[in-house]
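Look at the sequence and the structure below.

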Amino acid sequence: MELQVQHIKKCYRKKIVLEDICFDGCSGECIGILGANGCGKSTLLSVLAGVLSADSGSFTVNGKELLDNKLCKKSLIGYVPQGIPLIEELTAKDNLKLWYCDSPLNMKEELEKGMLAMLGINDFLNVRVAKMSGGMKKRLSIGCAISYNPQILIMDEPSAALDLICKERIHTYIRDFKSRGGIVILATHEEQEINLCDRHYILKNGVLNQLSYDGNVHMLVGKLI
Amino acid sequence: MVLEYFKLECKRVLRLFPKIFLVTIFVGAVIGGIVMISIRREPKGISGITVGVVAEESDIRFIDLGIYLVEHTDDLRYVCKFSKVTEDEGKQKLESGVIDALLIFPENYIKSVYNGNEKPLVLRFGSAQSGISSLLFKRLSDVIANYMMEAKAGVYGLQDMYENWNYIYKHDSDELAERYAMKIFSRKKMIVEERVSPTNNLSVVHYYASAGLVLIFLFWGLNCGSVLGVQEDVLKTLLRRIGLSIHKQMLLKFISLFLLFILNFFFLLIIILFLQNIVTYFFFPVNCIVFIKILPAILLVCSFILIVYELFGDGVGGMLFIFFSTVIMGFISGFFYPSSYFPEWVQYLGRFLPTGVLFDYVSACISGQNIFAPLINILLYTFAFLAALLYGIHIRLVASGTVKLKAK
């Protein structure tokens, strides 16, 4: 599977947030998008996920244009946003029902031995979202995002503010997703997640530039300023 | 997807039902209590004073006009009644307390007015007096005296004018003066009589009950902060991404809110019916059929509540807006003070506010009037609010950058 993002542009009123964004990816890769707070990482991921519309550009997977194609996007792309896209008053099970009702996957099977089991959602299946910890909510969000068995996973700071155990669980899942041939596009500030990525890009002043990263996080700071 | 979302949305609001129902009982009890107290304190009728009038046949035409005029002044309209009697009859009735005062016009009184030989009127009081009656009598005396003075001034002024200009009288001067006095007394054309009914031709009970019910419905919206106030935009956008548009989400929210509302008031009705059998003093009979007829009004209330919370995006802002807007609209529509005392443009405005539309429908249901036209208004307003809500969402989506891409 090959992914290509070309010349994506996005403006909010007169302010250019994303200018001529280009990058590509292939199966089994994790692409890291780095940048200072407010540089437009979430906007870029939202555009790729189809939550926001781009002003121009293209996003193709195996030659198929996705930006205007909602059906394809739904089945190909899973999106884990920064916020918590869950209904607070309901349990984990009820939230999953909403996402899995039209899904090709069987929710029960996934809970028993699939990806949902890997995320450990069984441990809190009947707990109301309002009573869950941050880690539980994030794992449940990921569980909802993969309901359509996507091949591309777009994640916006998935392990921010989580404990080490939760972080490790999510990172394990990302490694597993990659190993099954999926592509992960990850916006992050976490060192562990940066190390998880195969390629790194820095978004600065609306422009995306590839970065050669040698494992030295401190070097990144200078690039971000 | 749509069905699943609707089921989960209903499940979500049902989880909040116990808390919402408790607040509904509280709001209903407070407003219901105020309404019941207002109804029971409404005076059954204002008992005023009765004045007997003694006058000669020759003056009776003027006296009748004068009585009519005096009886219809604002000061005395509801508190003073006149009845024509002979002097002996009047004396007897005054002593026995049948009348409270006796107004005696001397012989040829009207002629004496325009001849300038004024004879005083006699106002004889009865023996049993109260402080209020004394005030009323004073008011009565003032009113009569004012009219008399104006009539005299008019007549004398006319006579002076004729003298000064040496006009030849085309008519007898008495006749001319009589004509002028008639003009002064017959002010029917100068007074536009308006039948002002503070309760818009509804009985007091129906009026207060309708206003109270509309207030309970709208204040129920204060409850909805927990249902509608906390809304995760990210969830809405993600659901939109997988095919459940935000418009569909809103319509499903509206339906689930409507069902929650009905459930609340159904249980409230059961409680009222149960308590009614135990403590009859505090309740007037609740008619279940009327309650069912009123249900369409809830459509308008739900659409109003939904648009408010969607506009504000948070619980506190929505609750504050609902509270203050309900109080202000209720005031303009005449819930707290009869709207018939407001200027016409305010009355006109009040009829077109949601509170006015709701009141018209609810009062028609309660008083057994034709509900067809008010029901059409309810449905039109509901449709308008929902359309405005959906359009507002569309504008917000465009403004937030979710516009259609022209792919290259």
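Which residue in β8(A) does A:Met155 stand opposite? A:Met155 stands opposite A:Leu186. This is a predicted model, in which local features need pLDDT of at least 70, side-chain atom pairs count only at pLDDT 80 or more, and totals for chains, interfaces and linings use all residues. Residues are numbered from 1 along each chain as its sequence is written, while chains are lettered from A and ligands numbered from 1 in the order in which they are written.

Strand β7 covers residues 152-156 of chain A; strands (E, at least two residues) and helices (H or I, at least four) are DSSP runs, numbered from the N terminus. Five bridges join β7(A) to strand β8 (residues 183-187), and the two run parallel. Strand β6 (residues 77-80) of chain A is also parallel to β7(A), joined by four bridges; two strands pair if DSSP finds at least two bridges between them. Here A:Val80 stands opposite A:Met155.

In a regular strand the side chains alternate between the two faces of the sheet. A:Ile152, A:Ile154 and A:Asp156 point one way from β7(A), and A:Leu153 and A:Met155 the other way. Five of the five residues of β7(A) are buried, so the strand is largely enclosed by the rest of the structure. A residue is buried if 20 or more other C-beta atoms, placed from the backbone, lie within 10 Å of its own.

The largest nonpolar core has 72 residues, and A:Ile152, A:Ile154 and A:Leu186 are among those that touch the most other members. Such a core is a set of buried Ala, Val, Leu, Ile, Met, Phe, Trp, Tyr and Cys residues joined through C-beta atoms within 7 Å.

Notes: Buried ≥ 20, exposed ≤ 12 C-beta atoms within 10 Å, placed from the backbone.
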